[in-house]
Every structure is written in C-alpha cells, then in structure tokens.
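Welcome! Here is a short briefing to read with the structure open beside you. Take your time and find each residue as you go.

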Amino acid sequence: MRKLCGEAVDAALAAGASYTDARAVSERSQHVSTKEGRVETLSDAESEGLGVRVLVGGAWGFASTRRLDAAGVQAAVERAVSFARAAPGSHSRALAPVEGATGSYRTPVERDPFSVGLDDKIALCLGAEEAARVPGVKFTSASARAFRQRKHLVSSEGADCEQELVECGAGVDALAAGDGLFQQRSYPSAFGGSSAQAGWEYVESLELEREAPRVGEEAAALVRAPECPSGVTTVVIDSEQMALQVHESVGHPTELDRVYGTEAAYAGTSFLAADDLGSLRYGSPLMNVTSDATTARGLGTFGWDDEGVPARREAIVAEGVLRGFLTSRETAAQIGSGAGGSMRAETWKFMPLVRMTNLHLEPAEAATLEDVLADVEDGIYLSTNRSWSIDDKRLNFQFGTQAAWEIKRGRLGRLLRDAVYTGITPQFWGSLDALGGPETWRLYGLTNCGKGQPGQSAHVSHGAPVARFRDVQVGVRP
Amino acid sequence: MTRALDLAQAALAAADGEQAEAVVQSEVSGFARFAASEVHQPTLIENDMVELRVVRDGRVAGAVTNRTSAEALAELARRAREAAERAPRDPSFPGLAPPSEPPAVEGYDERTASLAPEEQAQLAREAIDAARPFGLFGYVTSGVTEIAVASSTGIAVSQRLTDASVLALAADDTASGYAEQASARVADVNPAGAAREAAEKAAQTRGGQEIELGRYRAVLEPYAIAELLEYFALHSFSGLRVLEEASYFAGRIGERAFDSKVSLADDALDPVGLPKAFDFEGVPKHRVELVTEGVLRGVVWDRATAARAGDGTQSTGHAVRAEDRSWGPQALAVSMAAGDAKSLEELAERVGDGIHVTRLHYLSVVSPREGIVTGMTRDGTFRIRDGRRAEPLVNLRFTVSVPELLAEVPGLTRERKLVNRAQWYGDRYPYGYVVPGLATACFTVTGNGSAPGL
C-alpha cells in the first residue's frame, strides 16, 4: 500500500501536479440483521483501492481505482491529471500549511469485533429480539455490525501515515401496529442502533437483551397512546434526540465548505457567514459545542484526517457564541485561520470532504433528568429520533420522535405518540435554559451522514446531555 | 458473454458446487461537480464488486469483494461458505431464482460509455457558461454500469447500461433556480439547456415573500413530484412494508384512494427511463401496476417477501442490492401517467389560487402508514394568483399526506420527464422516475423558511 501511494505521488508530480496525495484503503465489514426470529442479512464484505488527488494549475483532479498495481495506479493518475487540466473555472487554490504527518494510529480495542464469531453475533440479535417480543408487539428486529478500515496516506508535502480504525455497533427495534397506526421503539438509537470506534466490549456494554423488554412494552403502548397535542410549550429532549439536533442544526451549518457554497446544489449552504466567527450569537449562554477528533469511542476519531492534519479538540460554540468552523486545508486558507482537520472520505473511491468528526453538546456541571424536569409546569419530554428535515440553510427544522411523555408539575406523565417539534435554529438554541449534567450525557455513533455528489456516508459521533427549551412549537400535522 | 458475466461465472465456479448466486456490479464513471461556476469536486471511479450468496442446507449468507483474482474469488467463496455454516436454517427462504429469459431493453449507448474525462469537463463548461451571470452549482456525470447475475440454478444474465445527467442550480446571494436532465444517452442531455432553464427560473425568485400557513392548491413540477413520490414509495410501494403494516397500501389494495387521474406503475422496461432487464436476484423485470385510475392495485416484491406473503404472490423483479435488502423490494422506476394539460401554465390556470413548487429539499417520512412526509421547497417557489404564476415566495416547509395530495388532482401535464433519483451513494446504479407536472388541491404549508439564494 505504502509503495503504491508513493508511486502515485511521484507520477502525479511528474505529470505536473503542484500538490498531490494518494490514499490507499482496505476495508472489511460484517453485518448481521435479524427480523422476526430469522436471519435477514448475513454479509461479510471487503473492498480495497486507491484514490489520488492532484492540484494542477490550481484545479483539483481526483481518480480512484480498485486495481492495486503499478498500471492501475498510473492510469488513475493520468485520468486525475487530464481532468484537472480540462476543468472549467479560474482555479486559484491555496492550502493551509501543515506539518507532514508521519507515524501510525490504531483504535484501542479490547476484543477485536472480527474475532467474535458470526454465530455469536446472530445469537446476540436473536436474543435481543426475543426479549423485545412482548404482548402487543407485532414485529421485532435487531442488528450488529463490525467494521475495520486500514488506510495509508502519502502526500507531496511529506505526509506518510497509516491508520487502522475499528468500529462496531448494534441495536434492537420493536414495532407495533393496529387501528391504522404504526409505531416503533428502538434502543440504543433508531436506524440501526449505535456504533462506536471500539472493540466488541462496546456492543456488550449496550446490554441489548436487558433493554429490549422496555423497548417492546413502549412500542405496544404507543399504539394505544394519545397523539401529542399541538401547541407552543416547554420541551425536554433526551440525549439521543439531542445528538440529532446537534448534528443537523450545529454540525452541518458550521461546515465551512457549506458556508462557502460548495454544497449548495445538494446538501445546501448555511445561515452562517465566514465573518460571523467570534460574534454570532448561536444560542443561549448555556450552549457549548465542541468538535473533538480525539474522543474515546467516537466514530470521528483518528490520528490524522484524510489530508494528514492531526486530530484535535476545539470549540465551535462557546457560551452561545460561534467560535469555530469545521474546515479543510483549503477552506482554512480561505478564511485565514485554522489548519483544517475535518476532511474525510467514505472510502478509497471518493474525494475527501469537510465532515463532522465528533461534535458534542457539553453538559452542565451537575443535573439529573429529574432536576431538568423539576420546574416544568406543563411540557413535553421527547425521546429517540423518528424523522428529520431541515432547510438548505439549516434554519427551519422539523424533527419527530418515536415517543413523548407529558410533563406535568415537574414529573413525567402520559405516554404520547407521533410527536413532532419545529423551530428556527438560532431562536431554538436561544431558548435553551437547562442542561443535564455528565450523568445524562451519552455518546451516539451514526453511520449514515450523507453529503457530496457522488454521495458519501460519513460515520460521526455526538455526545449530548438532556436539554430543556422553552416556547417550542410541537405537534405539526398536515 | 460480457466481462461482468465472466466474472460472475468465475465467482460461481469458486463456490465449487454449492447452491450459490453471484452478482457483479462494475462501474466506470466520471463526475464533474461544480460550485460557483468552478469544478471543485471531480471524481473518476473504476470498480468491480462481486457478491456471492451461498445456500447450505437451508442456511443462507453472502460475502462481497472487489478483488477479482482467482485467489481472491476462492477466498470470497470460503468466507461466504463459513458465514452460511454459522447461520441458522431459514425455513422461509424460497431458494434461488430459477433461470428465466430477461426482456430485451434499451439503455446502453456506446458514445456515453466512452466519454473521456476531458469531455465530461467540457460538458460542465457548457453548462457553466450558459448560466451566466448566475453562478452555477451542480454536476455533469456519465457512466457505464454492468450488472451480471449467475447462479447454480442456471441463471446467466448480464446488462450494460449507461447514464448521463446534468444537475443545474443557478444562484447568487438573493436568487436561485433549478433544472436537471437525465438520459441513458449523453446526446439527449443538454447541459447548456438545463443551465439556461435554471438561470431563467432564478431570475424570477428575487424578493421571495412569506405566506400564511395552511392548505393551498399547488402546481408541482416533475422534479418535486418525483422526489415526493420516491419518499412515499420507500414504504408504501414495498411488499415488505405491506407485510409489516407500515405501508399506506396495507389492507387497502382494491380501494379507490386517489383521484381517477392518478395512475402509477413501476416500469423498468420503459425506454424513456433508465431501463433494466432484471433485478439483483436475476428475476426479469416487468411492469407492475401500482395505482390504476385512483385505485390501489399492488406493490413490488422480491423472492423473500413474495414467499412470506403467500397466496401465490410472485417476485415482481424488485430485489435490491444485498446491502440494501433490509429495506425490502423497492420501486425504482416509478412511472406516472400523463394528463391532458398542455403545460405547467395550464395547470396554474386550473389551480387558480395557490403556489408553484419547482423542487423539494430534505424530505423525511413523518408517518409511513399515513404517508405523511415533511420537507422544504427551494429554488423556485411562487404564488399562483388568478391562474398565473405570480410573486416569488421564500422556501416553504410543508407537511403533507401524500394520499391527500393525490386525492384531488385538477390536472397533470401531457409531457412527462425522466427525473434522476440516484444520489450516487455506494456503487453506481442509475435510476429515475418518469413523471408529469401535477396540480393538487391539497398542499399543506407548515412553515416559512429562508429566502431564495445562497
């Protein structure tokens, strides 16, 4: 791998590139899913290849190939350079300086998830399903995954580093239907559970089988529950839904490539402008959001990003004020501060993009869920994402949750179904008036963050505590 | 014999007498993505993916690789076999598909297949130049995809398909307009034409106003109706979701649910679309009636869900890639019948007072069983007054019940358009919906968003 990357860099420089990097990647993934007590998916996939990125006359070129031999790599370099020479545009690009990354990084792992047999993974899923199958539940499903990515990056500016990232995750769902209603509860998170960069000890720590009966009982109860009423009220949001809230309304708008418009055609732009840095009030003084590519178990954790910029932790929002953007070397040079550090590609096939790493809402010093609920006279507690939509500038959002509970005089009351809440990003964050403490802070890893054309799915993590917001519109129906 | 079928046969041979099915998906593609009239994200890809599914004594499992040497295929077979050995028996597994002659379809164009990176860049240049003075955001892409299925039951089918598309968002700080074109033949795609359409639309969007929230009559351009239907289809046109009672169609087949002007089918054989001859189990494609003159007729099936449904239900040829199979069979070639309106302007006349929607953004299914979808409009939202398109509006949040939206349809256009729906995640599989413009009596606006522009 290292040799081929070096050959690609040499060939690109010889062809006239002013900058080039080559990234060779090999991946393996296992996916087990069960539904209704039978195996639905049992797959063991591998993929390998090399992507080479070139700057020629200020224009980018990028080509990728699965052919890991000298001829394949040479052909990829020629295609990348040919395209860059023909690319329309004025092309004046600078890259923020970075010290050449050298060395290696590996995810700390206690138990390699690939050393766990497929039969054990199947048994885990079937056991969780069985435990979720309580009266009133119509369907159950469960899944487990393991993923390993090895990559080597060599650049014309001295980067020469290798990394091995290991992930695993799992989840269980219970579905209930009746009287024209379809309801679902999931643990630990919707849409395939939650993942972490860790060994199988992470999956064991989820204790799916222990949580599954509650998941089933709540799904069954939702079919009989009243609909969440409409109105403007106080909401308390659990840490799982807060992870999604942070992702959509803080993570994406602070990606500096979106601010500069390069995602306009697909994912959209941002309500933020580059000169908002340091002055824009994003939310209430309780709001502190941190980007941290060093978070233990975070899916966005690495030694270096895919431009060779070392991992670091930095403030994005501090005491409610915008303090940072997520950047590449190119966008960092454009704004004149920072050094990148958020560039990641899904795999060898694709060019790196500015992506969230691990983005967290920091907790209060100390507060339990009960503390956050305590002075809510009348409100709604929202739990676990069900639907999500936000506009192209990341301002107008509408999110739905799998379950909700009334809050009456500081305590949780009746279960409610079909809860939806909506808002405008800075006003919503401005209404944040209480946060849970570290004991309510949870880290969730999701593997389906979409961006780019061609589309790329990034793996990112978010940690968040429970949070309380005042004067929020809930219960939107057609 | 094609290269992909050779590779599928080689993978099958590596399985060494097992009951097995090999699927190959090969891709050579180019992507010229641009923003602010400059290419910033080019992507040229060459890849072959080989999936081997092995059945051992009622136990089923698969393995995937993109290494194609004899040693790599032997390793693939070993991994698939080992996985199958660890799986429990699945009494509901219907077995691998029997051989069946796939229909002859169009959809391959040598000129498109041979387009060089420099030519893709040139097409992007033509679009960019035509959009001025607006900046252009979007892409030009073309590719050749080859799919092959070989199985121990005797399936040996392959198809080469090409695609070319242009996506054009013309915008500046206070205006934005959208257009796109797609075809199996690059000669049928006019990048400059799409860019001009986007720029003309953008010029009309300055000064977008907010509106009162509530129900409106509306005209949806083909871009908007295609995206809305796709999110509805994800749950409601899938046999799996019917079995799980998560589909609007569950328990309603045979009911008159929509306006009699609404007829929907999944038709992968339509030469206007991006034709496919067979699915990822090697089952031949054929046209499936979903809605006929407002009456719910059926949904799509793969072999596993058809077997679970019983009552003689057969696969309709809608198995998706193994990695996506937990979503169940999918309708990826939805075709909506045309109407009698000569133009979108005539639809506006029929609407009288309402809104015009060019394109949607970031849809999400709020309630699959009820067919409730939320999202935003963007890049060309206007008020319709006195039967004519009037002042521009801000981007609007909508939350609609798709069945309600289709329950009263004042009209559809005579002309239909192929709207690309592939977002190009994973391995290349071009697909699109063929739809007309549509007028509806019920489009619910639930929020005002940002003004048009960057």
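Across the interface of chain A and chain B, 48 residue pairs are in polar contact, both residues of each pair being at pLDDT 80 or more. The model you are looking at is predicted. Strand β2 (residues 38-56) of chain A gives the largest share of the side of chain A that touches chain B, with 10 residues.

**Where chain A meets chain B**

- On the side of chain A that touches chain B, you will find 34 nonpolar, 25 polar and 23 charged residues.
- Contact between the two chains involves 82 residues of chain A and 91 residues of chain B.
- The size of an interface is often given as the accessible area lost when the parts come together.
- For chain A and chain B, the area buried between them is about 7400 Å², and 51% of it is on carbon and sulfur atoms.

**Salt bridges**

- Over all chains, the count comes to 78 salt bridges.
- Between chain A and chain B, the count is 14 salt bridges.
- To see a salt bridge that joins the two chains, look for Asp44(A) and Arg79(B), whose closest N and O atoms are 2.8 Å apart.
- Now try one inside chain A: the side chains of Arg111(A) and Glu204(A) form a salt bridge, with 2.8 Å from N to O.
- Arg111(A) and Glu204(A) are 93 residues apart, and their pair links distant parts of the chain. Arg111(A) sits in the loop between β4 (102-106) and α3 of chain A, while Glu204(A) belongs to helix α4 (residues 201-206) of chain A.

**Two helices that cross in chain A**

- Helix α3 (residues 118-132) and helix α5 (residues 208-224) of chain A have axes that come within 7 Å and cross at roughly 35°.
- Is the crossing of α3(A) and α5(A) left-handed or right-handed? The crossing is right-handed.
- From α3(A), the residues that take part are Leu124(A), Gly127(A), Ala128(A), Ala131(A) and Ala132(A).
- From α5(A), their partners are Leu208(A), Glu209(A), Ala212(A), Pro213(A) and Gly216(A).
- Sorted by type, the residues of this contact between α3(A) and α5(A) are seven nonpolar, two polar and one charged.

**Cis peptide bonds**

- In chain A, the peptide bond that joins Gln453(A) and Pro454(A) is cis, with omega about 5°.
- You can find Pro454(A) in the loop between β21 (442-451) and β22 (456-464) of chain A.
- In chain B, a cis peptide bond runs from Arg132(B) to Pro133(B), and its omega is near 15°.
- The place to look for Pro133(B) is the loop between α4 (117-131) and β4 (135-151) of chain B.

**Positive phi in chain B**

- Glu245(B) is not a glycine, yet it has a positive phi of about 60°.
- The loop between α7 (239-243) and β8 (264-266) of chain B holds Glu245(B).
- Trp424(B) is not a glycine either, and its phi is positive at about 65°.
- Look for Trp424(B) in the loop between β16 (411-420) and β17 (432-448) of chain B.

Definitions and conventions
Residues numbered from 1 in each chain as written. Chains lettered and ligands numbered in written order. Predicted model: local features only at pLDDT ≥ 70, side-chain atom pairs only at ≥ 80, totals over all residues. Heavy atoms only, no water. Axes fitted to C-alpha atoms, helices over the stretch in contact; angles between N-to-C directions. Helix = DSSP H or I, 4+ residues; strand = E, 2+ residues; numbered from the N terminus. Left-handed = near helix turned anticlockwise from the far one by under 90°. Contact = heavy atoms within 4.5 Å. Nonpolar A, V, L, I, M, F, W, Y, C, P; charged D, E, K, R; others polar. Buried area = accessible area lost by both parts, 1.4 Å probe. Salt bridge = Lys/Arg side-chain N within 4 Å of Asp/Glu carboxyl O. Polar contact = N/O pair within 3.5 Å; in protein donor to acceptor, adjacent residues only side chain to side chain.
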